[in-house]
Amino acid sequence: MARPVVGIIGNFHMINDSYPAHAGGEMNTEAVSCVSGCLPLLVAPDPRFVSVDELMEICDGFLLTGGRPNVHPEEYGEQATEAHGTFDRARDAIVLPLVRACVERGQPFMGICRGFQEVNVAMGGSLYPEIRDLPGRMNHRMPPDGTLEEKFALRHKVSLAEGGCFHQLFGANEVMTNTLHGQGIKTPGAQIEIEGYAPDGTPEALRVRGAQGFTLSVQWHPEWDAANDPVSRPLFEAFGSAVRDFALRRCAPQRISA
């Protein structure tokens, strides 16, 4: 059997300030292929070129990646300010309805960083524009200088809900993660179950309560060194298993009633 397909949500980039492109990080592709055991397919998230229905038909699961642009605050009923940064309304237009459709259908997805935030907004939640500006919060942003190893280094603990999905998956109450984000969850959306928090109270791990499919999503970047990291590997392995199960179920021949 061919490997199940995971649609990896790409991001819009302007190369050399003149050439528009859609791209995705190689570490996402490597994690999906080598750890999840699925076929990675880069998705151009723009409603001019793709539709949610087409993506759900072609792909068995989705990786909602991180990205520099943020979800536009109009998607959760707030006005845009300078603190909200840059936006990608085309990605908003594809990913937010895609999340809701996957929850309804039971189709697997995993959200990372911006993807984690998209899941919350898609389910009716809101975001803080800048976590580090809040009283008592740490700076969760990526270090501005250094090598990739230094930027993606483990920086804080995440405390996990006792007996929750993440606790069971990792076999621990606490895990160490990297942190490379500016925004974060303000109000959890309907059905959003926060299962992990940073030491400063920032939500770091969630699932969609009542969903039939895989919905585990994280604020950190598990795609970094996913094959070797003791937290990243089981997360991507579990995601791959869920995608394979979904692919097998929908490929199974329908029983014909007598």
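Me: Which residue is the bridge partner of glutamate 193 in β12, and what makes β11 and β12 a pair?

Reply: The bridge partner of glutamate 193 is arginine 207 in β12. Two strands count as paired if DSSP finds at least two bridges between them, and β11 (192–197) and β12 (203–208) have 5 bridges in the antiparallel sense, so they meet the definition. Strands here are DSSP runs of E of at least two residues, and helices are runs of H or I of at least four, both numbered from the N terminus. In this hairpin, 5 residues lie between the strands, and glycine 201 takes a positive phi near 90°.

This is a predicted model, in which local features need pLDDT of at least 70 and side-chain atom pairs count only at pLDDT 80 or more, while totals for chains, interfaces and linings use all residues. Residues are numbered from 1 along each chain as its sequence is written, and side-chain values use heavy atoms, with hydrogens and water left out.

Me: Why is glutamate 78 called partly exposed?

Reply: Its relative accessible area is 22%, and because buried means under 20% and exposed over 50% (1.4 Å probe, protein chains only), a value in between is called partly exposed. Glutamate 78 sits in the loop between β5 and α3. Its contacts (heavy atoms within 4.5 Å), not counting residues up to four places away in sequence, are Pro73, His84, Ser126, Leu127 and Lys186.

Me: What makes a set of residues a nonpolar core, and which residues have the most contacts inside the largest one?

Reply: A nonpolar core is a set of buried Ala, Val, Leu, Ile, Met, Phe, Trp, Tyr and Cys residues joined through side-chain atoms within 4.5 Å. The largest has 33 residues, and those with the most contacts inside it are Phe62, Leu64, Val99, Phe109, Val119 and Val208. Helix α3 gives the most to this core, with 8 residues. Another core, of 27 residues, lies apart from it and includes Val6, Val32, Cys38 and Phe239.
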